[in-house]
Amino acid sequence: MGQHKEVFYPLPPVLYQLLINVLFSIVFFFSDNQIRFVKSALWYHGYDRPELYRLPSDGSAGSRELLLAFSWLLHRLSLLEQLLARNRVKTGDETSVSPEYGLEDGVDVRYLQWLNGRLRFQWRSLHAQHQELCKLLHKIHLFTSGSHMDQILGHFSVTETDLVRQPENYKQLLQLLESETMQLEAFLEWKQLEPVYWQWMVMNQTDFGRCSFLDSNIADHFQRPLPTKISSKRDILCCFLAGELFYRNLPYFFFFPLFFLFSLQVKTGGEELQKEGFSATARKIQESVELKLLDLTYLCAPKKNKMHGSCRLVFRSKHPASKTGFGSATEVIRELQMREASLERELKQLREECRQRLDEIAEGLDGVICISP
Amino acid sequence: MSIVTVQLGQCGNQIGHEVFNAICSDVHGTHGLCSKKENESYHDACKERFFCEEESEVPIARAVLVDMEPKVISQTLSMAARSGYWKYDDRSRFCQKQGSGNNWANGYSVHGPRHKEVIMNLVQKEAEKCDRLGGFFTIMSMAGGTGSGLGAFVTQCLRDAFPTSFILNHVIWPYGTGEVIVQNYNSVLTLSHLYQSSDALLVHENDVIHKICAQLMNIKQISFRDVNQVIAHQLGSVFQPTYTAEGGLHYSRNPLGDLMETLVPHPEFKMLGLRNIPQMPENSLAYSTFSWPGLIKHLRQMLIANAKMEEGIDWQVQPPSRLLPPLQPFPNRPLHFNTSIANLVILRGKDTHSVDLGSFRDPSLYTSWLNPRDAFNAWKTPRAFNKYEKSASLVSNSQFLLKPLDNVVGKAWNMFASKAYIHQYTKFGIEEEDFLDSFTALEQVISSYTILC
């Protein structure tokens with residue numbers, strides 16, 4: 001691939017600085033060489049465009065690549081959401097799960113057993129600490145129950161209890177909350193402008209030879225009626241990539257054969273079939289694929305797992321008068337999407353049944369032509 | 001973080017009482033030699049570890065007392081109450097009218113299962129009083145009936161009921177000359193059972209403590225109480241609050257966890273020995289001064305030469321040189337060199353921050369598969385312990401107990417080969433096969449410690 005002209009963005013250092021700030025807030029290692037840091041941090045997150053890694057190490061060029069990388073982070077890692085979540089002022093009591101661990105190999109097995117034992121003991125200590133936390137939280141929640149204005153909550157959180165005990169701390173909390181509100185407002189503003197940004201990116205990056213996630217044409221490709229003739233391998237690949245993009249929660253190995261078979265069928269059968277016959281077959285296949293996809297979206301939708309990540313702790317007595325979920329917005333959206341998919345599936349099925357029944361009825365009636373919907 | 005002490009049998013109850021006494025007198029003493037603030041946080045940390053206050057005037061020991069005979073427990077309770085500084089919870093004890101008659105099998109197979117529910121209820125109640133349960137510290141003799149048999153059973157129950165808690169068993173190794181004819185059988189059964197359910201076995205040998213009383217403490221007529229007080233002092237020097245992290249701002253709230261993580265992560269190596277320096281009669285302390293380099297030098301030599309106390313150290317023993325390329329697969333160490341798996345040094349008193357512990361970080365002290373970074377740790381506090389201006393303790397997972405263990409197993413095996421006294425055990429359901437299992441388990445421990453290099 002040839003070098004791209006550096007026309008629009010003459011300031012790679014600024015972009016490097018931006019990426020450093022961004023990456024530093026989401027990665028936990030740091031290298032003295034900033035360019036190397038940006039590259040390794042992006043590599044760490046799975047960014048594998050070779051062009052970026054070929055950029056000169058003096059930071060003199062590559063603003064287009066850097067902008068692309070930045071956009072990738074924005075899109076793939078939900079960067080802003082991550083940063084917002086990280087800086088969130090926590091007024092409620094939260095809990096989270098611990099990360100996993102990996103072991104080196106190529107050492108004395110007794111040393112590994114030793115390390116394993118230490119891990120086991122550390123886990124036990126953590127467990128005891130966690131139990132203590134629960135015990136103390138329970139005490140606070142129990143002693144303050146009925147004190148909260150919010151009837152659903154009923155009790156104070158640790159932060160709130162601390163405020164009751166040391167009211168002078170409220171100023172600091174207020175400041176934090178205000179700055180968080182500002183951040184959220186900025187985020188909302190960004191969300192409104194985001195399509196413009198992507199449009200602009202697409203405009204500027206269209207001459208990138210590779211099918212990248214940015215290429216909205218690929219996405220369109222998937223939603224447009226299927227081509228009557230698959231012209232090249234590239235189209236197959238694009239179909240596949242688009243599918244992968246839209247359903248990246250699904251195991252793509254499931255998709256690939258599906259698309260591949262589909263295109264193959266179209267290709268081999270295309271010459272023999274009449275035009276009408278072909279489009280009918282294509283439609284049929286398309287429908288079955290869509291149905292399958294819907295099924296898959298439903299089946300592979302991330303299972304609701306309340307134990308993962310942060311969640312607000314609310315103490316309930318033995319008689320739960322009201323039950324309110326404190327899930328995040330994304331969780332609610334995910335659940336709704338899941339339900340949408342399953343309802344749509346059901347609708348399709350019912351429509352099909354109706355059509356069949358109508359056909360059956362129409363067959364029994366002489367002289368009536370029934371055009372099914 | 002709190003520790004629940006479980007005192008089992010005559011020996012366990014008497015030592016437990018002395019431990020709480022030693023801790024309490026240390027905390028209430030005016031010998032702290034540190035700032036008021038330091039002293040206060042030391043005091044608070046100690047209280048949280050070993051006592052709960054509730055509404056009573058004096059702190060109540062976090063302890064469960066178990067014995068089959070009522071005599072020792074009632075003595076212990078009243079002695080503690082009389083001290084005026086602390087007491088036991090009257091409801092936190094369990095005793096019966098009749099002892100186990102020094103029969104391990106009777107304690108393990110009869111008394112244990114019969115009284116399991118009551119004893120475990122007491123433990124559960126005590127555990128629930130802790131905001132954070134750090135674990136259990138059980139004290140018992142290895143060779144007796146109630147303490148050892150019932151103790152092994154109770155430890156198993158603790159493991160079942162509290163799978164994520166730390167369990168440290170303190171065991172008293174019997175005199176070599178023997179108090180009970182079947183003490184070696186009892187010891188083998190106790191050790192092998194504890195090795196399965198406990199996280200670590202902290203061992204005190206009666207012979208060693210007896211020698212300390214005679215040679216260091218200058219006691220003429222040595223009583224059990226004298227022996228127990230030395231043991232309690234040594235235990236206190238380990239479990240009183242310390243800073244377990246370099247530059248730590250708070251006293252450790254996880255003493256058992258920190259100890260285990262340092263010393264016994266490997267499940268095959270759980271035997272811990274304890275050494276301390278200096279140890280002397282109270283009235284000589286005023287006339288003695290110590291320097292840290294001197295204390296550390298002695299303590300290190302006690303470690304590598306396996307000396308039981310600061311007197312009679314063999315200064316000839318040196319760690320094998322690793323610079324010479326070994327001709328055999330293992331470096332050829334002198335037989336009397338004591339190889340360590342892991343060591344923990346605890347320093348208390350003046351100027352602990354400036355103590356150089358480099359000599360304990362020598363890789364040649366340790367087994368080849370661990371480096372000193374993993375195998376050595378130091379805890380410190382500027383607060384002096386029990387009137388000693390400076391004191392150092394060493395908890396060591398090393399070959400310290402290899403020889404005594406080998407002795408006990410050898411003697412028991414000889415008796416077992418002639419089937420002596422076996423019927424006393426089979427009578428209560430401990431069969432020959434159980435003995436064989438125990439022998440096998442301990443032979444494995446012996447072999448693991450022997451081939452350290």
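Two strands pair if DSSP finds at least two bridges between them. Helices (H or I, at least four residues) and strands (E, at least two) are themselves DSSP runs, numbered from the N terminus. This is a predicted model: local features need pLDDT of at least 70, side-chain atom pairs count only at pLDDT 80 or more, and totals for chains, interfaces and linings use all residues. Residues are numbered from 1 along each chain as its sequence is written, with chains lettered from A and ligands numbered from 1 in the order in which they are written.

**Exercise 1. Walk across the open sheet of 10 strands in chain B and find its edge strands.**

Step 1: Write down the strand order, which is S5-S4-S1-S6-S7-S8-S9-S12-S10-S11, with mixed pairing.
Step 2: Look at the ends. Strand S5 (93–95) and strand S11 (376–381) of chain B each pair on one side only, which makes them the edge strands.
Step 3: Check the twist, which averages 20° from one strand to the next. (Axes are lines fitted to C-alpha atoms, for helices over the stretch in contact, and angles run from 0 to 180 degrees between N-to-C directions.)
Step 4: Zoom in on one pair. Strands S9 (residues 271–277) and S12 (residues 390–398) of chain B run antiparallel and share five bridges. Here Ile277(B) sits opposite Ala392(B) in S12(B).

**Exercise 2. Work out whether Gly236(B) is buried or exposed, and what it touches.**

Step 1: H8(B) lies across S8, S9, strand S10 (340–349) and S12 of chain B, at about 90° to S12(B).
Step 2: Apply the cut-offs. A residue is buried if 20 or more other C-beta atoms lie within 10 Å of its own, exposed if 12 or fewer, and partly exposed in between, with C-beta atoms placed from the backbone. Gly236(B) has 25 such neighbours, so it counts as buried.
Step 3: List contacts (C-beta atoms, placed from the backbone, within 7 Å). Leaving out residues up to four places away in sequence, Gly236(B) touches Val19(B), Ala22(B), Ile23(B), Asp26(B), Phe385(B) and Asn386(B).
Step 4: Take Phe385(B) from that list. Gly236(B) and Phe385(B) are 149 residues apart in sequence, yet 8.5 Å apart in space, C-alpha to C-alpha.

**Exercise 3. Describe the contact between chains A and B.**

Step 1: Count the residues: 16 from chain B and 18 from chain A.
Step 2: Find the main contributor on chain B's side, which is H9(B), with the largest share at three residues.

How values were computed. Contact = placed C-beta atoms within 7 Å.
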